[in-house]
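Here is a friendly walk through one protein model, written for someone who likes to follow along on screen. Please open the sequence and the structure side by side before reading on.

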Amino acid sequence: MSSDVNESIWISTAPGTSFPSLDRDLKVDVAIVGGGITGLTAATILKKAGMSVAVLELGSIASAETGHTTAHLTEAVDAGYRDVASDFGPEGAALVAQGGRDAIRFIEELSTTQGIDCGFERLPAFFYTESEADLEMLREEANASANAGLDASFVTDTPLPFSTKGAVRYENQAQFHPREYLLPLAKQIVGNGSHVFENSGAIGFKDGSPCEVQTGKGTVTADAIFVAAHVPVNDLVAIFTKIAAYRSYAMAIEVSSPLAPGLFWDTEDPYHYTRSYRSGQRNILIVGGEDHKTGMEKDTEEPFRKLEEYARSRFGLMKVLHRWSGQIIEPHDGLPFVGRNPMSKNLYVATGYSGQGMTFGTLSGMVVADLILGRENKYAALLDATRVKPIAAAKDYITENVDFPKRFILDRIFRANVEGHSVDDLSAGEGKILSIKGKKVALYRDESGHLDALSPVCPHMQCDVAWNTHEKSWDCPCHGSRFTCEGKVVNGPAVTNLKRIDPTELE
């Protein structure tokens, strides 16, 4: 355990992991790329069914996006049941609600039967507003949610310590500690021909019979591959035109009195979401929000300042214990893309969970495990990764995908992101894209003065990265790939690092 304030509370309050790295070729029934809630859920189901699995995680188990959530478990969806019913029909909306319910029940039953103490707790959820203008929308959403099968109603009061105008109240939702839930599952996967590997990122894929996943130190051969890595790192085009990456910010704040039991999110844009967490004698408020498209915010400290101001004005601020950010993948028609990868034979994907990563991640693991096992799953057709919903998706498809050609042209022709022409323009602890001797360079100077010089071109689809001031990372604004200040991949879809440049070439 650690106590870095710039670290998620889930990572700080759960033990570290020490799974080995893949160092040889290996044969299993199923290779799973990604050691978060989706991959570990699928691996648990598949191993129980008698299959051998190998989980390949780029970094540490349950420490990437799963470790940077706020861990709401809810049947409510960001798209809203009014839109889901309009776009997918009443039957589709009912399936979405039932899928969320089944996913939460899966976590509850597994943690109970396995004796996993992960703070799982049932409690109500509230979608609330502080504005009279949003009341009619909330009444409509309450009706649409109830029609889809949720235990939902419109209420005028919420148990929040500040004034609200009204809310949709959802009964019997839940919260938990994601890493305290997942780390025991990861340990139980190991053995009897199954494996969990850390620091073993996939760099290549071969679909077929059999399939292959290549890493830097070994190849895993399998009958099926499940890319459960938040974004499908195996595919350049088919999925990426249908999703968009956003950064979302969170803080764990000590407050003087406990927040009333519940999950809360508002109607603001960008919106805010809150829940409580108990650590020893401390009452902790977890507050999140202030989302923006990845790579599009110049000062990534500003969202934290806004979150702190929001928490101070509404809850009373004592002390910020932890702060972190995570990546949210928005699907263009409101629902995740889950199942067989477009144009693939034995390769499966899951992505586009929006703000319901823990719920949809669990459901996606359940769906893909059933598909691999040849079992019928009632959610598979609804979430099919190859689906096209022109009416539901048209507006968001155009809105989200305009950034790729725009950024590519600006980066390549107008050099709009260049911030200087000399290494002297770079301060300690700062990263910038400079044009030196006619060449664009992504430069970072650490506190000791050491320079890391990189090509700014993301290897995924050739957009230029942007500097993230808080994370001290290079983020791609086109499809959400992220890299350390040294250029190493943190998040896909990129699978290779930024190219290094010898700093002496810039002198």
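In which sense do strand S12 and S19 pair, and over how many bridges? Strand S12 (residues 224-227) pairs with S19 in the parallel sense, over three bridges.

A word on the ground rules: this is a predicted model, in which local features need pLDDT of at least 70, side-chain atom pairs count only at pLDDT 80 or more, and totals for chains, interfaces and linings use all residues. Residues are numbered from 1 along each chain as its sequence is written, and side-chain values use heavy atoms, with hydrogens and water left out. Helices (H or I, at least four residues) and strands (E, at least two) are DSSP runs, numbered from the N terminus, and two strands pair if DSSP finds at least two bridges between them.

**Around strand S19**

Let us stay with S19 for a moment. Val349 in S19 is the bridge partner of Val227. Strand S18 (residues 337-340) joins S19 through four bridges, and these two run antiparallel, with Phe337 opposite Thr351. S18 and S19 form a hairpin with six residues between them, and Met343 in the turn has a positive phi of about 70°.

Five of the five residues of S19 (residues 347-351) are buried, so this strand is largely enclosed by the rest of the structure. Here buried means under 20% relative accessible area, exposed over 50%, and partly exposed in between (1.4 Å probe, protein chains only). In a regular strand the side chains alternate between the two faces of the sheet. In S19, Leu347, Val349 and Thr351 point one way, while Tyr348 and Ala350 point the other way.

**Helix H7 and its partners**

Helix H7 (residues 357-373) packs against helix H2 (residues 37-48) at an angle of about 35°, with the axes 8 Å apart. Axes are lines fitted to C-alpha atoms, for helices over the stretch in contact, and angles run from 0 to 180 degrees between N-to-C directions. The contact (heavy atoms within 4.5 Å) includes Ile37 and Ile45 of H2 and Gly361 and Ala369 of H7.

H7 also meets helix H3 (residues 81-113): their axes come within 8 Å and cross at roughly 90°. H3 and H7 are therefore roughly perpendicular to each other, a label for angles of 65 to 115 degrees. Among the residues meeting here are Gly99 and Phe106 in H3 and Phe360 and Leu363 in H7.

**Loops and backbone details**

| Peptide bond | Omega |
|---|---|
| Ser209 to Pro210 | near 5° |
| Asp269 to Pro270 | about 0° |

Pro210 lies in the loop between S9 and S10, and Pro270 in the loop between S14 and strand S15 (272-279).

Ala71 has a positive phi of about 65° and is buried, with a relative accessible area of 0%. Asn172 has a positive phi of about 65° and is partly exposed, at 44%; its place is in strand S7 (residues 166-175).

Methods: Angles under 35 degrees count as roughly parallel, over 145 as roughly antiparallel, 65 to 115 as roughly perpendicular and the rest as oblique.
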